[in-house]
Amino acid sequence: MIKQTTRILIAVLASLVLVSSCTITENISFKQQGYHNSNFAFSVEDFFIAVLEDFSEFSPEEEGISLMDKAIGDFERALHYSPTTKNVGLNKLDEHSYEGVFEFSDLQRLVTDLGAGENQSLLDIEEHSMTFYLSMDNYDQLVPVIPFLADENFETFGPVYNQGLSEADYLEMISFMLGEEGPPAIERSVITLRVNTPKEITSFSNGKKVSPRVYEFSFPLIDFLLLAEPITFTVRW
């Protein structure tokens with residue numbers, strides 16, 4: 001029974017990294033009027049694909065549908081559900097990568113529609129600025145947006161259960177659960193957001209200004225898994 005439980009937890013943790021993606025890039029383009037645009041792409045390392053295949057009998061997948069495909073399908077349906085979006089399209093490029101596009105009229109409203117709630121504090125968008133803020137204080141608002149985070153098995157490996165744990169200790173735990181390939185794979189995992197603004201950028205906090213109208217913010221996946229410090233940025237134009 002202990003061995004089976006360990007295998008289940010390994011599958012859950014591997015699934016988390018897959019859902020969070022090993023390399024994810026999101027591009028948001030704001031226009032001065034009309035609908036705005038979002039396009040994203042992410043890829044997953046062979047290591048995590050192999051782990052899922054090894055423990056697939058314990059993962060919550062539907063018959064004939066991989067956990068990755070189910071997560072993408074659920075996200076696509078959620079985007080279609082919101083009245084703020086149109087022209088939603090998600091494609092599977094190969095076994096390791098996906099891409100998607102959609103247009104939106106109100107990104108802040110979309111976050112609310114995806115489950116963050118009317119009083120969400122994750123995203124604040126004004127006429128000439130965008131602010132993202134994630135900390136342990138509002139992490140519970142993110143959970144409904146990414147339902148997988150609510151899984152009782154995953155919670156053991158997420159920021160709620162690992163407050164105060166150092167990065168070294170966390171990676172040591174991952175090494176024990178997933179093997180020596182786990183820590184470097186997580187350390188290579190990066191999430192990047194690019195914001196294309198309708199006017200020249202006037203100021204920003206964190207991240208970097210790539211060009212007069214392009215702002216970029218990146219952070220390693222481990223920062224999200226531990227959430228020891230808030231993940232936040234602001235860009236104004």
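Modeller: Happy to, and keep in mind that this is a predicted model. Let's begin with Glu 216, which is buried, with a relative accessible area of 13%.

Colleague: Which side chain does Glu 216 meet in a salt bridge?

Modeller: Look across from strand 10 (residues 214-220), where Glu 216 lies, to strand 7 (residues 190-196). The two residues are 22 apart in sequence, so their pairing ties those parts together. The N to O distance is 2.6 Å, and the partner of Glu 216 is Arg 194.

Colleague: Is Arg 194 buried, partly exposed or exposed?

Modeller: Buried would need a value under 20%, and exposed one over 50%. Arg 194 has 30% relative accessibility, so we call it partly exposed.

Colleague: How many salt bridges are there by this rule?

Modeller: The Arg 194 and Glu 216 pair is a salt bridge, and so is Asp 74 with Arg 77. Glu 118 with Arg 109 is another. By this rule the count comes to five.

Colleague: How are Asp 74 and Arg 77 placed in helix 3?

Modeller: Their closest N and O atoms are 2.3 Å apart. Asp 74 is partly exposed at 34% relative accessibility, whereas Arg 77 is exposed at 53%. Helix 3 covers residues 67-81, and because the two are three residues apart in it, their separation is about one helical turn.

Colleague: Which residues are linked with Arg 109 in a network of salt bridges?

Modeller: Arg 109 is partly exposed, at 32% relative accessible area. Its bridge to Glu 118 has closest N and O atoms 2.9 Å apart, and Glu 118 counts as exposed at 57%. The residues networked with Arg 109 are Asp 113 and Glu 118.

Colleague: On to the rings. How many aromatic pairs does a search of the whole structure find?

Modeller: The search turns up ten aromatic pairs. One of them is Phe 40 with Phe 75, an edge-to-face pair at 6.0 Å centre to centre, with 70 degrees between the planes. That pair links strand 2 (residues 36-43) to helix 3, parts 35 residues apart. Phe 40 is buried at 8% and Phe 75 partly exposed at 31%, and the total for the search is ten.

Colleague: What about Phe 132 and Phe 233: stacked or edge-to-face?

Modeller: Planes under 30 degrees apart count as stacked, and those over 60 as edge-to-face. Phe 132 and Phe 233 have 25 degrees between their planes and 6.1 Å centre to centre, so by that cut-off the pair is stacked.

Colleague: Over which ring does the charged end of Lys 86 sit?

Modeller: Here a charge meets an aromatic ring. The distance from the charged end of Lys 86 to the ring centre is 4.2 Å, and the ring belongs to Tyr 35.

Note on methods
Residues numbered from 1 in each chain as written. Predicted model: local features only at pLDDT ≥ 70, side-chain atom pairs only at ≥ 80, totals over all residues. Heavy atoms only, no water. Salt bridge = Lys/Arg side-chain N within 4 Å of Asp/Glu carboxyl O. Helix = DSSP H or I, 4+ residues; strand = E, 2+ residues; numbered from the N terminus. Buried < 20%, exposed > 50% of the residue type's maximum accessible area, 1.4 Å probe, protein only. Phe/Tyr/Trp six-rings, centres within 6.5 Å; stacked < 30°, edge-to-face > 60°. Lys NZ or Arg CZ within 6 Å of the ring centre and 35° of its normal.
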